[in-house]
Amino acid sequence: MIKLGGKGSLAVKDGMVYRRSSYRAEAVDTTGAGDSFNAGYIYGFLKGEPVEKCLQYGNACGAFSVSAHGVIPVFRKKRNCCVLQRDTKINKREEISMKIAVIGGAGVRTVIFINGLLKRYKKLHIDEVVLYDIQEEKQRIIERLCRHVVERKQESLKVRAAGTPREALEGAKYVVTTLRVGGDHSRVTDEKIALEHGVIGQETTGVGDFPWQCGRFPFFWNTAG
């Protein structure tokens, strides 16, 4: 949780960023403003309120505390305390942002994924997609293509490539995996083995999916560790 003074406050929880703008208040005495914010936030937390409501309480208490000399007299006014018991729409806007990581982001399907996401990313509060792939040159090409799709539709979704899995995953709310360990050659090998034993090898309807997933598991295990 971070206090932003006149710009409000923000908090990060489970990969999501919550932000609340400040209340309009004439600053007379800023002594104790931070502690007042903490008191309001904790008040909401103890009530079991969601993060955005806790930030709202904190902002309100901070605004009250700077509006007069001395913190205690301000909170003794019943009118000020009652404001904390109701929702307000004055100068308030909830801002929630979400990061999605795409592991194996150098595949051509990533561009299709971004194109589809543009229809829903605002409603889903997604503001950034971070790509990672060990094929750096191909990743740069796909990154440029994805950005071109976003710019062509004049949207604001941010797309960038990460240099490491940790960078891509840090702060991500959801992770999309499209990686194939061994590349297309491994798919050919897996499906041929299945065909040699008289069964369907295709990985969607056949047994080819099993070795594909087995090949991915060590990467996921090591990355998660």
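Contact here means heavy atoms within 4.5 Å. With that in hand, let's go.

This is a predicted model, where local features need pLDDT of at least 70, side-chain atom pairs count only at pLDDT 80 or more, and totals for chains, interfaces and linings use all residues. Residues are numbered from 1 along each chain as its sequence is written, and side-chain values use heavy atoms, with hydrogens and water left out.

Start with E128. It sits in strand β5, residues 126-132; strands are DSSP runs of E, at least two residues, and helices are runs of H or I, at least four, numbered from the N terminus. Buried or exposed? E128 counts as buried, because its relative accessibility is 16%. The cut-offs: buried is under 20% relative accessible area, exposed over 50%, partly exposed in between, with a 1.4 Å probe and protein chains only. Leaving aside neighbours within four places in sequence, E128 is in contact with M98, K99, I100, L157, K158 and R160.

Next, the cores. A nonpolar core is a set of buried Ala, Val, Leu, Ile, Met, Phe, Trp, Tyr and Cys residues joined through side-chain atoms within 4.5 Å. The largest one has 25 residues, and I126, V129 and L157 have the most contacts inside it. Elements supplying at least two residues each include β4, α5 and β5. Helix α6 gives the most, four residues. A second, separate core has six residues, including I103, Y132, A162 and L179.

On to helix α5. Which of its residues are buried? T110, V111, I114 and L117. They lie on the same side of α5, because they cover an arc of only 125 degrees around the axis; the arc is that of the directions from the helix axis to the C-beta atoms. On the other side, R109 and I112 are exposed.

K122 counts as exposed, because its relative accessibility is 57%. Leaving aside neighbours within four places in sequence, K122 is in contact with E155 and S156. K122 and E155 are 33 residues apart in sequence and 9.6 Å apart in space, C-alpha to C-alpha.

Last, the lining of the largest pocket. By class, it has 12 nonpolar, eight polar and seven charged residues. Asp, Glu, Lys and Arg count as charged; Ala, Val, Leu, Ile, Met, Phe, Trp, Tyr, Cys and Pro as nonpolar; the others, Gly among them, as polar.
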